[in-house]
Amino acid sequence: TGGAVTQTAAGVAGDNIDVTGTTDITSVGFAVTLDEATNDFGGAVTAAGTNISLTDIGAIELGDIDDAGDLVVVASAGAITQTAAAGPTNNIDVTGTSSFTATGNAVTLNSSDNNFTGAVSAAGTNISLRDTNAIVLDDIDDAGDFTLITGGAVTQTAAGVAGDNID
(Lines give C-alpha, C1' and ligand atoms only; values in the text may rest on other atoms or scores of the structure.)
Protein backbone atom coordinates (compact mmCIF):
# COMPACT_ATOMS: atom_id res chain seq x y z
CA THR A 1 0.00 0.00 0.00
CA GLY A 2 2.94 2.21 -0.60
CA GLY A 3 6.21 2.03 -2.38
CA ALA A 4 8.40 3.45 -5.07
CA VAL A 5 7.24 3.90 -8.65
CA THR A 6 9.93 2.83 -11.12
CA GLN A 7 10.30 1.51 -14.65
CA THR A 8 11.83 -1.73 -15.87
CA ALA A 9 15.30 -1.82 -17.40
CA ALA A 10 16.01 1.28 -19.46
CA GLY A 11 16.67 0.74 -23.13
CA VAL A 12 14.54 -2.37 -23.50
CA ALA A 13 12.07 -2.09 -26.38
CA GLY A 14 8.54 -1.55 -25.14
CA ASP A 15 9.56 -0.43 -21.66
CA ASN A 16 8.39 3.14 -22.01
CA ILE A 17 5.37 5.12 -20.89
CA ASP A 18 3.21 6.53 -23.69
CA VAL A 19 0.19 8.48 -22.41
CA THR A 20 -1.97 10.74 -24.58
CA GLY A 21 -3.90 12.23 -21.64
CA THR A 22 -2.85 13.40 -18.20
CA THR A 23 -0.67 11.38 -15.84
CA ASP A 24 -1.24 11.42 -12.07
CA ILE A 25 1.26 9.64 -9.81
CA THR A 26 0.99 9.53 -6.02
CA SER A 27 3.72 7.79 -4.04
CA VAL A 28 4.09 10.00 -0.97
CA GLY A 29 7.26 9.20 0.92
CA PHE A 30 8.67 7.09 -1.89
CA ALA A 31 10.69 7.65 -5.06
CA VAL A 32 9.09 8.22 -8.47
CA THR A 33 11.62 7.27 -11.14
CA LEU A 34 10.23 7.44 -14.69
CA ASP A 35 13.39 8.29 -16.59
CA GLU A 36 13.28 6.09 -19.69
CA ALA A 37 14.42 8.24 -22.64
CA THR A 38 11.47 7.15 -24.83
CA ASN A 39 8.68 8.06 -22.36
CA ASP A 40 6.04 10.29 -23.92
CA PHE A 41 3.67 12.10 -21.56
CA GLY A 42 1.05 13.71 -23.81
CA GLY A 43 -0.78 15.71 -21.15
CA ALA A 44 0.17 17.33 -17.87
CA VAL A 45 2.09 15.20 -15.35
CA THR A 46 1.11 15.49 -11.69
CA ALA A 47 3.30 13.72 -9.14
CA ALA A 48 3.73 13.44 -5.37
CA GLY A 49 6.66 11.59 -3.85
CA THR A 50 10.27 11.82 -2.76
CA ASN A 51 13.05 12.21 -5.34
CA ILE A 52 10.93 12.49 -8.48
CA SER A 53 12.64 11.94 -11.85
CA LEU A 54 10.70 12.41 -15.10
CA THR A 55 12.01 12.11 -18.67
CA ASP A 56 10.05 12.73 -21.89
CA ILE A 57 11.17 12.08 -25.46
CA GLY A 58 9.63 15.43 -26.46
CA ALA A 59 8.12 18.25 -24.42
CA ILE A 60 6.69 17.83 -20.93
CA GLU A 61 3.98 19.80 -19.12
CA LEU A 62 4.10 19.73 -15.34
CA GLY A 63 0.95 19.86 -13.27
CA ASP A 64 1.09 19.80 -9.48
CA ILE A 65 4.47 18.49 -8.30
CA ASP A 66 4.99 17.79 -4.58
CA ASP A 67 8.49 16.44 -4.01
CA ALA A 68 9.92 15.86 -0.54
CA GLY A 69 13.36 15.29 -2.08
CA ASP A 70 15.16 16.17 -5.31
CA LEU A 71 13.36 16.79 -8.61
CA VAL A 72 14.85 16.00 -12.03
CA VAL A 73 12.90 16.78 -15.22
CA VAL A 74 14.28 16.16 -18.73
CA ALA A 75 12.53 17.04 -21.98
CA SER A 76 14.77 15.49 -24.63
CA ALA A 77 13.34 17.27 -27.67
CA GLY A 78 10.89 19.87 -26.42
CA ALA A 79 10.02 22.45 -23.81
CA ILE A 80 9.35 22.08 -20.10
CA THR A 81 6.19 24.00 -19.21
CA GLN A 82 3.71 24.21 -16.40
CA THR A 83 -0.09 23.95 -16.29
CA ALA A 84 -1.44 27.46 -16.90
CA ALA A 85 -3.69 27.82 -13.86
CA ALA A 86 -1.74 29.03 -10.83
CA GLY A 87 -2.72 27.97 -7.36
CA PRO A 88 -1.88 25.53 -4.61
CA THR A 89 -2.98 22.60 -6.79
CA ASN A 90 -0.91 23.61 -9.83
CA ASN A 91 2.49 24.43 -8.45
CA ILE A 92 5.91 22.90 -8.09
CA ASP A 93 6.90 22.38 -4.45
CA VAL A 94 10.34 20.81 -3.93
CA THR A 95 12.22 20.51 -0.63
CA GLY A 96 15.49 19.36 -2.23
CA THR A 97 17.27 20.45 -5.39
CA SER A 98 15.53 20.93 -8.74
CA SER A 99 17.03 20.26 -12.16
CA PHE A 100 15.32 21.09 -15.47
CA THR A 101 16.90 20.14 -18.82
CA ALA A 102 15.33 21.11 -22.15
CA THR A 103 18.44 21.77 -24.22
CA GLY A 104 17.57 24.02 -27.14
CA ASN A 105 14.01 24.51 -25.89
CA ALA A 106 12.18 26.72 -23.39
CA VAL A 107 11.86 26.10 -19.67
CA THR A 108 8.78 28.05 -18.51
CA LEU A 109 7.79 27.55 -14.87
CA ASN A 110 5.81 30.67 -13.99
CA SER A 111 3.27 29.74 -11.32
CA SER A 112 3.32 32.32 -8.54
CA ASP A 113 2.87 29.44 -6.06
CA ASN A 114 6.05 27.55 -7.01
CA ASN A 115 8.34 26.87 -4.05
CA PHE A 116 11.88 25.72 -4.80
CA THR A 117 13.50 25.20 -1.39
CA GLY A 118 16.82 23.74 -2.58
CA ALA A 119 19.11 24.95 -5.36
CA VAL A 120 17.65 25.16 -8.88
CA SER A 121 19.56 24.34 -12.08
CA ALA A 122 18.20 24.65 -15.60
CA ALA A 123 19.40 24.22 -19.20
CA GLY A 124 17.47 25.41 -22.21
CA THR A 125 16.61 28.43 -24.32
CA ASN A 126 14.58 31.27 -22.80
CA ILE A 127 14.36 30.02 -19.23
CA SER A 128 11.68 31.60 -17.05
CA LEU A 129 11.39 30.68 -13.35
CA ARG A 130 9.13 31.96 -10.59
CA ASP A 131 9.30 31.25 -6.86
CA THR A 132 6.89 32.40 -4.18
CA ASN A 133 9.81 33.27 -1.88
CA ALA A 134 13.62 33.21 -1.93
CA ILE A 135 15.49 31.10 -4.49
CA VAL A 136 18.97 29.59 -4.67
CA LEU A 137 20.33 29.26 -8.21
CA ASP A 138 22.76 26.54 -9.19
CA ASP A 139 23.92 26.11 -12.80
CA ILE A 140 21.77 28.02 -15.31
CA ASP A 141 22.66 27.41 -18.99
CA ASP A 142 20.39 29.56 -21.15
CA ALA A 143 20.87 30.03 -24.89
CA GLY A 144 18.31 32.86 -24.88
CA ASP A 145 16.74 35.19 -22.32
CA PHE A 146 16.64 34.37 -18.61
CA THR A 147 13.71 35.63 -16.52
CA LEU A 148 13.45 35.18 -12.75
CA ILE A 149 10.65 36.42 -10.48
CA THR A 150 10.84 35.76 -6.73
CA GLY A 151 9.16 36.86 -3.55
CA GLY A 152 12.48 36.92 -1.70
CA ALA A 153 16.25 36.93 -1.96
CA VAL A 154 18.17 35.49 -4.91
CA THR A 155 21.41 33.69 -4.08
CA GLN A 156 23.77 31.38 -5.92
CA THR A 157 25.43 28.14 -4.82
CA ALA A 158 29.20 27.75 -4.43
CA ALA A 159 30.38 30.80 -6.33
CA GLY A 160 33.48 30.03 -8.33
CA VAL A 161 32.90 26.29 -8.53
CA ALA A 162 33.04 24.93 -12.07
CA GLY A 163 29.52 24.30 -13.37
CA ASP A 164 27.79 26.53 -10.81
CA ASN A 165 27.34 29.61 -12.94
CA ILE A 166 24.81 31.47 -15.00
CA ASP A 167 25.56 31.31 -18.74
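Trainee: What does the side chain of Asn 114 reach at 2.9 Å?

Mentor: In this predicted model, the side chain of Asn 114 reaches the backbone nitrogen of Ile 92 at 2.9 Å.

Trainee: How do you know whether Asn 114 is buried or exposed?

Mentor: Its relative accessible area is 0%, and buried means under 20%, so Asn 114 counts as buried. Asn 114 lies in the loop between strand E13 (107–109) and E14, and, leaving aside neighbours within four places in sequence, its contacts include Gln 82, Asn 91, Leu 109, Asp 131 and Thr 132, as well as Ile 92 and Arg 130. Asp 64 is 50 residues from Asn 114 in sequence, with 9.5 Å between the two C-alpha atoms.

Trainee: Why is Thr 46 called partly exposed?

Mentor: The relative accessibility of Thr 46 is 24%, and since buried means under 20% and exposed means over 50%, with partly exposed in between, this value puts Thr 46 in the partly exposed class. Thr 46 is found in strand E6 (residues 45–49), and, not counting residues up to four places away in sequence, Thr 46 touches Thr 23, Asp 24, Ile 25, Gly 63, Asp 64 and Ile 65. Asn 90 is 44 residues from Thr 46 along the chain, and their C-alpha atoms are separated by 8.6 Å.

Trainee: What makes the rings of Phe 100 and Phe 116 a pair, and of which kind?

Mentor: The count comes to 1 aromatic pair. The ring centres of Phe 100 and Phe 116 are 6.0 Å apart, and the planes stand at 80°; because pairing asks for centres within 6.5 Å and planes over 60 degrees apart count as edge-to-face, the pair is edge-to-face. The pair links distant parts of the chain, with Phe 100 in strand E12 (residues 98–101) and Phe 116 in strand E14 (residues 115–116), 16 residues apart. Both phenylalanines, Phe 100 and Phe 116, are buried.

Trainee: Which residues of the largest nonpolar core touch the most other members?

Mentor: Of its 29 residues, these are Ile 60, Leu 62, Ile 80, Phe 100 and Leu 109. Not counting residues up to four places away in sequence, Leu 62 touches Val 45, Leu 54, Val 73, Ile 80, Ile 92, Phe 100 and Leu 109, and also Thr 81, Gln 82 and Thr 83.

Note on methods. Residues are numbered from 1 along each chain as its sequence is written. This is a predicted model: local features need pLDDT of at least 70, side-chain atom pairs count only at pLDDT 80 or more; totals for chains, interfaces and linings use all residues. Side-chain values use heavy atoms; hydrogens and water are left out. A nonpolar core is a set of buried Ala, Val, Leu, Ile, Met, Phe, Trp, Tyr and Cys residues joined through side-chain atoms within 4.5 Å. Buried means under 20% relative accessible area, exposed over 50%, partly exposed in between (1.4 Å probe, protein chains only). Contact means heavy atoms within 4.5 Å. Rings of Phe, Tyr and Trp (its six-membered ring) pair if their centres lie within 6.5 Å; planes under 30 degrees apart count as stacked, over 60 as edge-to-face and the rest as tilted. Helices (H or I, at least four residues) and strands (E, at least two) are DSSP runs, numbered from the N terminus. A polar contact is a pair of N or O atoms within 3.5 Å; within protein, one must be able to donate a hydrogen and the other to accept it, and residues adjacent in sequence count only if both atoms are side-chain atoms.
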